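Visitor: I am new to this structure, and I would like to be guided through it step by step. Could we begin at the start of the chain?

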Amino acid sequence: MDVKSAPRYLYWLFCQFELITCSYLMEPWEKVLFYSFNLAMLGLLLYTTYVCVVFHASSAFQLLCSFLGHPRESALSVVK
């Protein structure tokens, strides 16, 4: 893809998005609300995905380490 055609392609993608969501029919203030809501939901989705993936990867790594013979001490073994 040529660097000069990148803005044209992004504009084409944006036009496709407006056609699919019918946002080209909205008034400017409606577009602001619509895009703000969509960006907020996308941000929350990305943040939640980041937090959950890190948590699950950490849990999987701990489980893998315990299977390989390097168990970490749990809180219950310290209390007993």
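Guide: Gladly; please keep in mind that this is a predicted model. We can start with Tyr9, which is found in helix α1, a helix made of residues 6–21.

Visitor: Is Tyr9 buried, partly exposed or exposed?

Guide: Buried means under 20% relative accessible area and exposed means over 50%, with partly exposed in between. The relative accessible area of Tyr9 is 38%, so Tyr9 counts as partly exposed.

Visitor: What is the phi of Cys22?

Guide: Cys22 lies in the loop between α1 and α2, the latter being residues 28–67, and with a relative accessibility of 40% it counts as partly exposed. Although Cys22 is not a glycine, its phi is positive, at about 60 degrees.

Visitor: How far does α2 reach from its first C-alpha to its last?

Guide: Helix α2 has 40 residues, and at 1.5 Å a residue a span of 58 Å is expected. The reach in the model is close to that expectation, at 58 Å.

Visitor: Which feature does UniProt place at residues 32–55?

Guide: In the model, the span of residues 32–55 is 100% helix and 0% strand, and its end C-alpha atoms lie 34 Å apart. For these residues the unreviewed UniProt entry gives the feature "transmembrane region".

Conventions. Residues numbered from 1 in each chain as written. Predicted model: local features only at pLDDT ≥ 70, side-chain atom pairs only at ≥ 80, totals over all residues. Heavy atoms only, no water. Helix = DSSP H or I, 4+ residues; strand = E, 2+ residues; numbered from the N terminus. Buried < 20%, exposed > 50% of the residue type's maximum accessible area, 1.4 Å probe, protein only. UniProt positions renumbered as here; feature names shortened; annotations may be inferred. Expected span 1.5 Å × (residues − 1).
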